[in-house]
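Open your viewer and keep the selection panel handy. We will go stop by stop.

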Amino acid sequence: MIALSNINKVFNKDKDNEVVAIKSLSLTINEGEYLTIVGSNGSGKSTLLNIISGAEMPTNGTITIEGTDVTKMPEYKRSKWIARVFQNPLSGTAPDLSIIDNFRLAALRTQSRGLTIGVNASFKKKVKDRIATLGMGLENKTEQPIGTLSGGQRQALTLLMGVMDETKILLLDEPTAALDPRSADIIMKTADVLIKEHNLTAILITHNLKYAHQYGNRLIQMSEGVITKSLDSQQKLALPLTDLFAWFI
Amino acid sequence: MEFYLTALMIGICLSTMSLGIFITMKIFKIPDITTDGSYTLGAVVTALLLPWQLNPFLAIPITLIAGGVAGALTGIVHTKLKIDALLAGILVMTALYSINLSLLGRSNIPLINIKTIFSYFHPFNKEVYDGLMMATLIVTIIISLLAYLLKTDFGIAMRATGNSDSMTRALGINNDKMKIIGLAIANSLTAFSGYLVAQYQNFTDINMGIGIVITGLGSVLISSAIINWLGVANIWIQLLCVVIGCVIFQMVLAVTLSLGIDPNMLKLVTAIFVLLIVSLPKFLGRAAA
């Protein structure tokens, strides 16, 4: 599904503050895999995700998605495969727009946005039904600006928005980092359900080792721009949580 | 009375420019000052076309395209060359001064004894009222079209672009393209104001656009105050508030002039008035706190 080959990413190349974020990294993620990435700050996890989404371009190396070379493809074009949830709950939604308008844009992620009014009664009903599945009582607030909601609510809606249109890949960049434990649990459970329901290929970055242990069917650890540990689904299942904690000592 | 009707008329004629500023400032959060140039460009195009006996209604699309090209240029300089929006606007505005002057051929052209958009309907048989009706009619059509546009799928994408660019990029929206189109629409509305004003005052002057962006900013600031105060969510009403803001602005200037202030001081008065609108809420907020 996603193949990264020999990726390097250097920030501020040839300057005093040069940083090598990714070092000759190769990684293949198969369809339906739910990959969890752990690693300390500055290990290159987020840079890796940004290179996949197109928010950052690699210094060299190639990336293919479903066999298409996307190395030079800008972020907005890669969105035809990829839906994202950001670390900052504010980044995934447009705060001044109503919930329904946010969902309308999400529903057109892979399509053109024409000069017709798409927010009609049937669309509103569809969105309300989807939002009701969250059980947060947000289905009656669809005309409200999304910026008036809490971080957890916005993050949950961003997740749902990700599957409003055809999606192959879901990128979760520390989606629960800014949330309280209860909201974080809801987000992680919702994500898991959606990934299974829509048979998505997903990548989760998290600092929460409990989640890293609980979710996903493949686990890697990154350190200083390289993959230091890699576990397939069986090895991951066999890994005791205490051993995972030991990775960081 | 006549005096205030004139202010009302100018307010309505300038309201499409204010709508343009509303689009750039409030929807795209871009400070665009191409306005001074594209406003004059609209008036220049009008002054060149109308003496040829061209139907003034046919001049509308040409004016809109001229303004749109100016705005798109600012957008391209800003997004493709990664130049600050303010500077991009200044560059295009400055370049437009020479273009306007060479198109016009001299510093001003009178538009007397030719058919203008105001020469067609005379239901009131009184020039002031007939002009007001025509201008109101046109502005109503423009607001309706703009309100419709902003409610379409494309319009939602436009509004989101200025609101959260990380979100729009992740949702497959080309932010650069959106900004270029937005600036084009805004400046075609601005050029349309030039078109209306040139026909209303019966001349086009190369300097008529100097400082006009301040009028637009002031009008939009007044309208934002009204929108916040009344909590207006409907986009149609919001656009209407911009027109009202523009009329209020012209009324205040009219009152100032009627107090006997030297007309040469008008730009100074305008600047001070806008400064007051911007700073008053902060002072009031501090007093309340």
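Start with one residue: does N125(B) count as buried or exposed? N125(B) counts as exposed, because it has 7 C-beta neighbours inside 10 Å. The cut-offs are these: a residue is buried if 20 or more other C-beta atoms lie within 10 Å of its own, exposed if 12 or fewer, and partly exposed in between, with C-beta atoms placed from the backbone.

Before you move on, two notes. This is a predicted model, in which local features need pLDDT of at least 70 and side-chain atom pairs count only at pLDDT 80 or more, while totals for chains, interfaces and linings use all residues. Residues are numbered from 1 along each chain as its sequence is written, and chains are lettered from A and ligands numbered from 1 in the order in which they are written.

**Stop 1: around N125(B)**

Stay on N125(B). It sits in the loop between strand 1 (108–110) and helix 5 (127–151) of chain B. Helices (H or I, at least four residues) and strands (E, at least two) are DSSP runs, numbered from the N terminus. The phi of N125(B) is positive, about 55°, although N125(B) is not a glycine.

**Stop 2: all of chain B**

Now select chain B. Along the sequence they follow the pattern α-α-α-α-β-α-α-α-α-β-α-α-α. The C-alpha trace spans about 55 × 45 × 35 Å along its principal axes. The radius of gyration of chain B is 19 Å, which agrees with the value near 19 Å for a compact globule of 289 residues. That radius is taken over C-alpha atoms, and the globule rule is 2.2 Å times the number of residues to the power 0.38. Of the 289 residues in chain B, 48% are buried.

Next, look at contacts. Two residues are in contact if their C-beta atoms, placed from the backbone, lie within 7 Å. Among contacts in chain B between residues at least 6 apart in sequence, 78% join residues at least 24 apart.

**Stop 3: where the chains touch**

Show both chains. The contact takes 18 residues from chain B and 26 residues from chain A. On the chain B side, the elements giving two or more residues are helix 6 (153–163) and helix 7 (165–170) of chain B. Which helix of chain B gives the most to this side? Helix 6 of chain B does, with seven residues. By class, the chain B side has eight nonpolar, six polar and four charged residues. Here Ala, Val, Leu, Ile, Met, Phe, Trp, Tyr, Cys and Pro count as nonpolar, Asp, Glu, Lys and Arg as charged, and the others, Gly among them, as polar.

**Stop 4**

Select chain A. It has nine helices and ten strands. Its radius of gyration is 19 Å, close to the 18 Å that the globule rule gives for 249 residues, so chain A is as compact as a globular protein of that length. Of those 249 residues, 39% count as buried.

Chain A averages 93, and 100% of the residues score at least 70. Confidence is lowest in helix 8 (residues 233–238) of chain A, at a mean of 89, and highest in strand 8 (residues 201–205) of chain A, at 97.

**Stop 5: helix 1 of chain A**

Select residues 45–53 of chain A. This is helix 1, and seven of its nine residues are buried. Among them are K45(A), L48(A) and I52(A). Just after helix 1, G54(A) takes a positive phi of about 100°.

Step on to E56(A), in the loop between helix 1 and strand 4 (60–65) of chain A. E56(A) is partly exposed, with 18 other C-beta atoms within 10 Å. Leaving aside neighbours within four places in sequence, E56(A) is in contact with K9(A), T47(A), N50(A) and I51(A).

**Stop 6: a helix pair in chain A**

Select helix 5 (residues 151–162) and helix 6 (residues 181–197) of chain A. Their axes come within 10 Å and cross at roughly 5°. The two helices are therefore roughly parallel to each other. Axes are lines fitted to C-alpha atoms, for helices over the stretch in contact, and angles run from 0 to 180 degrees between N-to-C directions. Angles under 35 degrees count as roughly parallel, over 145 as roughly antiparallel, 65 to 115 as roughly perpendicular and the rest as oblique.

Show side chains here. G152(A), Q155(A), A156(A) and L159(A) in helix 5 meet residues of helix 6 including S183(A), I186(A) and L194(A).

**Last stop: E174(A)**

Finish at E174(A), in the loop between strand 7 (169–173) and helix 6 of chain A. Its phi is near 45°, a positive value in a residue other than glycine. E174(A) is partly exposed, with 19 other C-beta atoms within 10 Å.

Notes
pLDDT is the predictor's confidence in each residue, from 0 to 100.
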